[in-house]
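Student: I have a new structure to look at. Can you walk me through it?
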Amino acid sequence: MSRPKPDVDLDDVVARFRPVVGFKVRRALGPQNPDWEDLTNEVLAQTIEKVKSGEFRGDSKIGTFIYTITVRRIVDYIRDKTKIARRFPAESEAPAAEDRIETEERVRHLTAAVATLAPKYREVLDLYYYQELSREETARRLGLSPARVSERVHYAQKLLLKAVQRTAGPLSAPPSDSRKD
Amino acid sequence: MPHPEYEAMIDAYLLGRLSEEETERFERHYFECPECFRETADRAAMIEAVKAAGPAPVRTREANMPLPSGFRPFSLAWVTIGAVLVLLAVSLLFIPRASRPPDFPDGGIRSVRGETLTLTGPVGTIKETPKELVWVPVEGATEYTVVLEGIKPVWTAATRETSIKIPPEIAARMSPGKIYTWRVKAYAAGGALAAASARKSFLIAR
């Protein structure tokens with residue numbers, strides 16, 4: 001059995017990249033798809049295996065290496081799923097995992113915080129994020145400059161993050177493991 | 001602190017407005033950059049919460065225009081409108097919660113509240129690159145936006161119709177053997193989101 005490269009700490013890699021891979025996979029599969037957790041674990045398992053077998057030679061950064069594995073696994077998953085879905089439409093499964101519950105809890109806190117924002121911030125968030133208008137169109141609707149829209153979006157974000165961090169900890173935080181960066 | 005170059009791309013990435021190449025560049029970057037990833041994940045959570053919170057009352061510029069002369073403060077017209085609004089608010093308290101439209105996923109990272117929108121086609125495996133996308137009309141919708149994606153966004157467009165032709169230059173970028181997904185959102189007059197579809201996938205046969 002090959003030995004892992006001495007400069008790759010696999011525990012650190014898993015701790016650091018679990019939330020990153022999970023985020024990318026969830027975006028690709030959709031948040032309602034419970035398979036994202038399995039896929040994330042598979043990507044990390046493949047990473048460990050490839051590092052141990054010497055396939056990761058350090059030519060690229062480890063993040064780039066993991067990104068490639070992640071994208072390939074997502075492509076395979078979607079291809080396989082489409083083949084199955086043509087014969088057997090999938091029923092939704094009940095997702096159950098600490099990460100999911102943690103995410104839902106944060107969104108719940110954040111949703112409550114959104115409701116407490118002053119109207120001038122709430123209406124910018126509504127047009128820009130809820131209705132997904134462009135920054136220029138949002139500005140036109142509100143009679144503001146586009147730069148002013150960006151300012152309000154950023155300020156609203158800061159207010160929300162502060163409000164939620166007071167009650168629920170960092171939003172993107174995640175990993176159950178100890179990420180230091 | 002996130003890198004300024006990439007921070008400027010976060011919203012566009014999360015709202016599916018980056019090109020395929022830009023998306024890949026951005027994703028490769030956040031796989032390497034903890035600060036940019038954290039900012040992206042935080043922003044995604046905020047967008048999800050904004051979606052979950054539902055639409056906010058928006059005071060558009062039009063709403064701030066001068067009022068007609070009959071609507072001076074404390075006029076009879078205002079008193080009448082006030083009374084009607086109070087009655088309306090009280091009556092709303094007695095509307096069962098179940099009558100609210102359901103939450104449904106739009107296939108991205110968030111959900112929206114509203115009516116669902118049904119996509120007609122293409123779906124499943126198709127023999128050749130589709131020429132158009134077709135969906136079922138939504139009552140009251142005045143505009144539809146369409147997002148077509150491979151692994152990354154391929155095309156976004158808007159139309160007043162319930163179908164849209166795929167331009168030849170976009171079709172030329174689509175390849176046999178690959179899977180594409182698409183979704184549609186319907187907007188009512190004034191730009192309010194009225195309905196959104198789930199994602200539908202199709203595979204162009206080799």
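**Two chains and their contacts**

Tutor: Read along the sequence, chain A follows the pattern α-α-α-α-α-α-α. Keep in mind that this is a predicted model.

Student: How many helices and strands are there in chain A?

Tutor: Chain A has 7 helices and 0 strands.

Student: How much of chain A counts as buried?

Tutor: Of its 181 residues, 48% count as buried. Chain A still exposes about 9900 Å².

Student: Now the interface. How many residues of chain B are in contact with chain A?

Tutor: 55 residues of chain B are in contact with 56 residues of chain A. The two chains bury about 5400 Å² between them. Of that area, 58% is on carbon and sulfur atoms.

Student: Which three residues supply more than any other three of the area that chain B buries?

Tutor: B:Phe31, B:Glu32 and B:Met46. They supply 14% of the area that chain B buries against chain A.

Student: What about polar contact across the interface, how many residue pairs?

Tutor: The rule finds 17 residue pairs in polar contact between chain B and chain A. On the chain B side, α2 (10-14), α3 (20-32), α4 (34-53) and β10 (179-188) each supply at least two of the residues that touch chain A.

Student: Which of them gives the most?

Tutor: α4(B), with 18 residues. By class, the side of chain B that touches chain A has 27 nonpolar, 9 polar and 19 charged residues.

Student: Pick one residue of chain A for me. Is A:Lys24 buried or exposed?

Tutor: A:Lys24 is at 4% relative accessibility, so this lysine counts as buried. A:Lys24 lies in helix α1 (residues 10-29) of chain A.

Student: What does A:Lys24 touch?

Tutor: Residues in both chains, leaving out those up to four places away in sequence. In chain A, A:Lys24 touches A:Thr70, A:Val71 and A:Ile74. In chain B, A:Lys24 touches B:Glu27, B:Tyr30 and B:Phe31. You met B:Phe31 above, among the three residues that supply 14% of chain B's buried area.

Student: Why does B:Lys185 count as buried?

Tutor: Because B:Lys185 is at 3% relative accessibility, and buried means under 20%. A:Glu132 counts as buried too, at 15%.

Student: What else forms a salt bridge with A:Glu132?

Tutor: B:Lys51, with the closest N and O atoms 2.9 Å apart. Salt bridges that share partners join A:Glu132, B:Lys51 and B:Lys185 into one network.

Student: And inside chain B, which residue does B:Arg43 pair with?

Tutor: B:Arg43 forms a salt bridge with B:Asp11, at 2.9 Å between the closest N and O atoms. B:Arg43 lies in helix α4 of chain B and B:Asp11 in helix α2, so the pair ties together parts that are 32 residues apart in sequence. Both residues are buried.

Notes. Residues are numbered from 1 along each chain as its sequence is written. Chains are lettered from A and ligands numbered from 1 in the order in which they are written. This is a predicted model: local features need pLDDT of at least 70, side-chain atom pairs count only at pLDDT 80 or more; totals for chains, interfaces and linings use all residues. Side-chain values use heavy atoms; hydrogens and water are left out. Contact means heavy atoms within 4.5 Å. Buried area is the accessible area (1.4 Å probe) that two parts lose on being put together, summed over both. A salt bridge is a side-chain nitrogen of Lys or Arg within 4 Å of a carboxyl oxygen of Asp or Glu. A polar contact is a pair of N or O atoms within 3.5 Å; within protein, one must be able to donate a hydrogen and the other to accept it, and residues adjacent in sequence count only if both atoms are side-chain atoms. Helices (H or I, at least four residues) and strands (E, at least two) are DSSP runs, numbered from the N terminus. Ala, Val, Leu, Ile, Met, Phe, Trp, Tyr, Cys and Pro count as nonpolar, Asp, Glu, Lys and Arg as charged, and the others, Gly among them, as polar. Buried means under 20% relative accessible area, exposed over 50%, partly exposed in between (1.4 Å probe, protein chains only). Accessible areas come from the Shrake-Rupley method with a 1.4 Å probe; for residues, only the protein chains shown count as cover.
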